[in-house]
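Here is a short tour of a few helices and the residues packed into them. Have the sequence and the 3D view open side by side as you read.

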Amino acid sequence: LVSRTRFHGGWGVVLLSARRRSKEPLKQRLGLLPHTGLTLGRFKVATMAAFTMSVAYTAIIFSSLFVGSSRTDNPISAVITDGSRWTITLLSLVLSVIPALVEESLFRGYLQRRFLQRWSPGVAIGVSTLLFAAIHFDSPQHIIAVMPLGVVNGLLAYRTNSVKPGMLVHALHNMGVIGFAALATVLTPHFSEEELGLLAIGVIGML
């Protein structure tokens with residue numbers, strides 16, 4: 001948890017350093033502006049988060065069929081497996097808020113807005129999504145799984161001229177992923193892999 005926080009803290013320093021080279025105000029450069037264009041209510045934001053989470057898990061399931069299950073020494077997985085309820089709750093809050101703030105400001109705010117000055121929206125959103133996916137390099141499945149979130153939030157930032165709606169979608173997405181992983185850990189001793197797979201597919205279908 002500490003190493004993950006330091007990782008995002010490092011990106012925060014990069015953002016502030018890059019900001020010093022720009023004449024634009026900080027909020028404008030990072031896309032921290034009131035959103036315009038689309039009308040976004042709580043239901044729409046929650047639906048977007050559910051969509052990105054369900055597509056992410058579908059991508060993980062199908063990619064695992066071709067590249068195999070990923071076995072990495074992920075400290076986050078270790079906390080979910082062995083941690084207390086309070087530890088998992090703290091993990092969920094930290095990994096929902098900090099990545100949403102830092103990653104959206106960097107990829108959809110600073111980088112995508114710069115790309116849009118040079119390229120078409122499709123190219124700008126595509127490149128920012130690939131860079132966003134590249135930092136989730138702990139496994140091939142993780143890289144593939146975060147791409148739907150990158151595309152949705154890239155489009156959202158472009159259509160609203162703000163990263164704030166995407167921050168909320170990102171936070172809800174991460175919270176849902178951690179909650180789903182914690183639930184799967186609790187259910188693992190009581191169900192077979194086939195039953196857990198069917199349960200996962202059923203949940204994805206409901207989302």
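Ala-171 touches Ser-96 and Ala-100, leaving aside residues up to four places away in sequence. This is a predicted model, so treat each value below as computed from it. Ala-171 sits in helix H8, which covers residues 164–187. Is Ala-171 buried or exposed? With a relative accessibility of 16%, Ala-171 counts as buried, because the cut-off for buried is under 20%.

Gln-141 belongs to another stretch, helix H7, made up of residues 140–160. Gln-141 is buried too, at a relative accessible area of 6%.

| Pair | Separation along the chain | C-alpha to C-alpha distance |
|---|---|---|
| Ala-171 and Ser-92 | 79 residues | 9.3 Å |
| Gln-141 and Ile-61 | 80 residues | 8.5 Å |

Now turn to helix H6, residues 121–134. H6 has 14 residues, and from its first C-alpha to its last it reaches 20 Å, close to the 20 Å expected at 1.5 Å a residue. Which residues of H6 are buried? They are Ala-124, Ile-125, Ser-128, Thr-129, Phe-132 and Ala-133. Looking down the axis of H6, you will find these buried residues within an arc of 160°, so they line one face of the helix.

Key:
Residues numbered from 1 in each chain as written. Predicted model: local features only at pLDDT ≥ 70, side-chain atom pairs only at ≥ 80, totals over all residues. Heavy atoms only, no water. Helix = DSSP H or I, 4+ residues; strand = E, 2+ residues; numbered from the N terminus. Buried < 20%, exposed > 50% of the residue type's maximum accessible area, 1.4 Å probe, protein only. Expected span 1.5 Å × (residues − 1). Arc of directions from axis to C-beta. Contact = heavy atoms within 4.5 Å.
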